[in-house]
Amino acid sequence: FTAMTVVALVALPTISGASGTVVLSVVVPVGLTVFVAYGLNHPTRAAEVVCAALRWLRQRAGIERLDAVIERAPEAVMGFFGVLAGLISRRPLALAGAMLAMAAARFCQLAALPLLLAAQGYRMTAGPTMIGLVLLWVGASISPAPSGEGVAQALVASIFGPLAAPQAAAAAALVWRASVYYPIFLVSGLLFARLVRGQARTETVTLPKEGTERSE
């Protein structure tokens, strides 16, 4: 995701009509990535920055529930960076492999949308399509709903509707979600059930040794 946003950030100045919102949607993920890198080296200061941001939000928005979040934030932030540092130091290849697998999965998911629109007879130009995909993925990623459920479909219709046609974008959104999102839950559910069953079968039962008495 970060690599995609960096590439988009470099390409945006060459694309006419890129609005400030589009640029911001690329800059924010890159900025968060830089903050994570900073927090790995200075976790205490990163926790202070997060607490300061939460206090500012509490003061501006007047959300009283943030008081409990602010109280637990330092421990949560320190724990996050501790786990991440452990992954980098102990399992760097596993972390790199997971990131590559995730990047490949996201690329394939995003590439399906232009293909679905092309299948309906709409030719998509590279620049607007790339900007639209960046906006779509950023919006779905920061949505409170799991995987941007509901939000992603609305973004597809609103972003790609003007590029193709509203009805084509709506149809592509439904087929896109049905083909790249819901099958993950079906397949992973079956695999998880198989994993649980396999663990149950491999559990060993400790039997009493020969010569020892058994109680009724």
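The legends below describe several close-up views of a predicted model.

The residues of each chain are numbered from 1 in the order in which the sequence is written. Because the model is predicted, local features need pLDDT of at least 70 and side-chain atom pairs count only at pLDDT 80 or more, while totals for chains, interfaces and linings use all residues, and side-chain values use heavy atoms, with hydrogens and water left out.

**View 1. The overall fold is built from nine helices and zero strands.** Helices (H or I, at least four residues) and strands (E, at least two) are DSSP runs, numbered from the N terminus. Along the sequence the pattern reads α-α-α-α-α-α-α-α-α. Of the 216 residues in the protein, 26% are buried, where buried means under 20% relative accessible area, exposed over 50% and partly exposed in between (1.4 Å probe, protein chains only). Among contacts (heavy atoms within 4.5 Å) between residues at least 6 apart in sequence, 62% join residues at least 24 apart.

**View 2. Helix 4, residues 66-90, bends at Ala 73.** This helix has 25 residues and reaches 35 Å from its first C-alpha to its last, close to the 36 Å expected at 1.5 Å a residue; the expected span is 1.5 Å times one less than the number of residues. The bend at Ala 73 is about 45°, and a proline, Pro 74, follows within four residues; the bend at a residue is the angle between axes fitted to the seven residues ending there and the seven starting there. The buried residues of helix 4 are Leu 66, Ile 70, Ala 73, Val 77, Phe 81, Leu 84 and Gly 86.

**View 3. Phe 35, Phe 80 and Phe 81 form one aromatic cluster.** A search of the whole structure finds two aromatic pairs, with rings of Phe, Tyr and Trp (its six-membered ring) counted as paired if their centres lie within 6.5 Å, and with planes under 30 degrees apart called stacked, over 60 edge-to-face and the rest tilted. Phe 35 and Phe 81 form an edge-to-face pair, at 6.4 Å centre to centre and with 65° between the planes. Phe 35 lies in helix 2 (residues 20-41) and Phe 81 in helix 4, so this pair ties together parts that are 46 residues apart in sequence. Phe 80 and Phe 81 are also an edge-to-face pair, at 5.1 Å centre to centre and with 70° between the planes. Phe 81 counts as buried because its relative accessibility is 5%, whereas Phe 35, at 25%, counts as partly exposed and Phe 80, with a relative accessible area of 45%, is likewise partly exposed.

**View 4. Arg 58 and Asp 67 meet in a salt bridge.** A search of the whole structure finds one salt bridge, defined as a side-chain nitrogen of Lys or Arg within 4 Å of a carboxyl oxygen of Asp or Glu. The N to O distance between the side chains of Arg 58 and Asp 67 is 3.0 Å. Arg 58 counts as partly exposed at 22% relative accessibility, and Asp 67 counts as partly exposed at 39%.

**View 5. The largest nonpolar core contains 20 residues.** Such a core is a set of buried Ala, Val, Leu, Ile, Met, Phe, Trp, Tyr and Cys residues joined through side-chain atoms within 4.5 Å. The members that touch the most others are Leu 113, Leu 117, Leu 136, Val 156, Phe 160 and Trp 176. At least two residues of this core come from each of helix 5, helix 6 (126-142), helix 7 (151-160) and helix 8 (166-180), and helix 8 gives the most, with six residues. Not counting residues up to four places away in sequence, Leu 113 touches Leu 133, Leu 136, Val 156, Phe 160, Ala 172 and Trp 176.

**View 6. Gln 109 and Ala 119 both have their place in helix 5.** Helix 5 spans residues 92-119. Gln 109 counts as buried at 12% relative accessibility, and, leaving aside neighbours within four places in sequence, Gln 109 is in contact with Trp 137, Trp 176, Val 180 and Ile 184. Ala 119, by contrast, is exposed, with a relative accessible area of 66%. Ala 119 and Ala 172 are 53 residues apart in sequence and 9.5 Å apart in space, C-alpha to C-alpha.
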